[in-house]
Amino acid sequence: MSMKTTVLAGFHYMRQCAHYAIAPRNSYLHTSAFLAKAEDRKEMLASLPAKDEGTIGEKSVDIDTLITRKEKFFPDASTATQLFNGIPFNELPICNIRVSPNNTIISVTDYKGVPRLIRSCGIEGFKNTRKGTNIAAQATAVSISAKAVELGWKTVRVKVRGLGPGRMSAIKGLQVGGLNIVSITDNTPVSWNPPRPRKQRSL
């Protein structure tokens with residue numbers, strides 16, 4: 001007996017019971033809604049795209065061609081005193097971008113390391129899971145770069161730390177906001193003996 005005929009027979013029996021005012025002996029309707037929900041959730045989770053670990057948008061660069069094109073691509077002994085817009089490299093303000101999967105915190109410090117401006121996605125008004133998006137990171141970077149330009153800083157060096165969706169978009173936001181980025185340093189800590197990773201999520 002197919003599912004359709006079983007359901008129709010059950011409805012017919014219920015209608016008869018209601019017509020003759022008889023209490024039904026047993027129900028012919030059996031549903032498996034809970035099982036269907038679990039299967040739908042598994043299908044939905046399987047169809048979701050892979051989580052961005054902060055490397056989307058980064059391009060692989062052939063360093064050999066860059067070395068032949070630019071002699072000054074990597075820093076050397078004279079980089080510290082090299083002038084950028086009339087300011088030595090070691091006296092340029094530093095823009096620190098702290099990226100995590102859940103938030104992006106951007107701070108601008110002077111060359112001594114004294115913080116002058118701090119903004120995060122939460123301060124910008126993004127709540128909960130929206131804080132961890134690349135759009136939130138870019139909006140935060142645009143706003144802090146506008147404040148840095150008001151202070152008179154045009155040229156900065158950038159230090160990025162951590163992995164998350166806001167890595168590349170925060171740097172793009174600083175450029176959109178009007179800052180001239182001279183150097184980008186990746187300060188992500190890499191452990192030689194990291195802690196044991198979490199067990200695999202069971203779907």
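Visitor: Is E124 buried, partly exposed or exposed, and at what relative accessibility?

Guide: Buried means under 20% relative accessible area, exposed over 50%, and partly exposed in between, with a 1.4 Å probe and protein chains only. E124 counts as partly exposed because its relative accessibility is 25%. This is a predicted model, in which local features need pLDDT of at least 70 and side-chain atom pairs count only at pLDDT 80 or more, while totals for chains, interfaces and linings use all residues. Residues are numbered from 1 along each chain as its sequence is written, and side-chain values use heavy atoms, with hydrogens and water left out.

Visitor: Which side chain does E124 meet in a salt bridge?

Guide: A salt bridge is a side-chain nitrogen of Lys or Arg within 4 Å of a carboxyl oxygen of Asp or Glu. E124 meets R119 in this way, at 2.7 Å from N to O. R119 is partly exposed too, at 22% relative accessibility.

Visitor: How many salt bridges does this rule give?

Guide: The count is three. One of them joins D110 to R116, whose closest N and O atoms are 3.6 Å apart. D110 is buried, at 12% relative accessibility. Another is formed by R167 and D186, at 3.1 Å from N to O.

Visitor: Which parts does the pair R167 and D186 tie together?

Guide: Helices (H or I, at least four residues) and strands (E, at least two) are DSSP runs, numbered from the N terminus. R167 lies in helix α5 (residues 167–176) and D186 in strand β7 (residues 180–186), so the pair links parts 19 residues apart in sequence. R167 is buried, with a relative accessible area of 9%, whereas D186 is partly exposed at 46%.

Visitor: Which strands pair with β6, and in what sense?

Guide: Two strands pair if DSSP finds at least two bridges between them. β6 runs parallel to strand β3 (residues 94–99), with five bridges joining them. β6 also pairs with β7 in the parallel sense, again over five bridges. As for facing residues, C95 stands opposite V158 in β6, and T155 stands opposite N180 in β7.

Visitor: How many residues of β6 are buried?

Guide: In a regular strand, side chains alternate between the two faces of the sheet. Strand β6 (residues 155–161) has five of its seven residues buried, so this strand is mostly covered.

Visitor: What handedness does the unit of β6, α5 and β7 have?

Guide: A crossover is right-handed if, with the strands pointing away from the viewer, the path from the first strand over the helix to the second runs clockwise. The β-α-β unit made by β6, α5 and β7 is right-handed.
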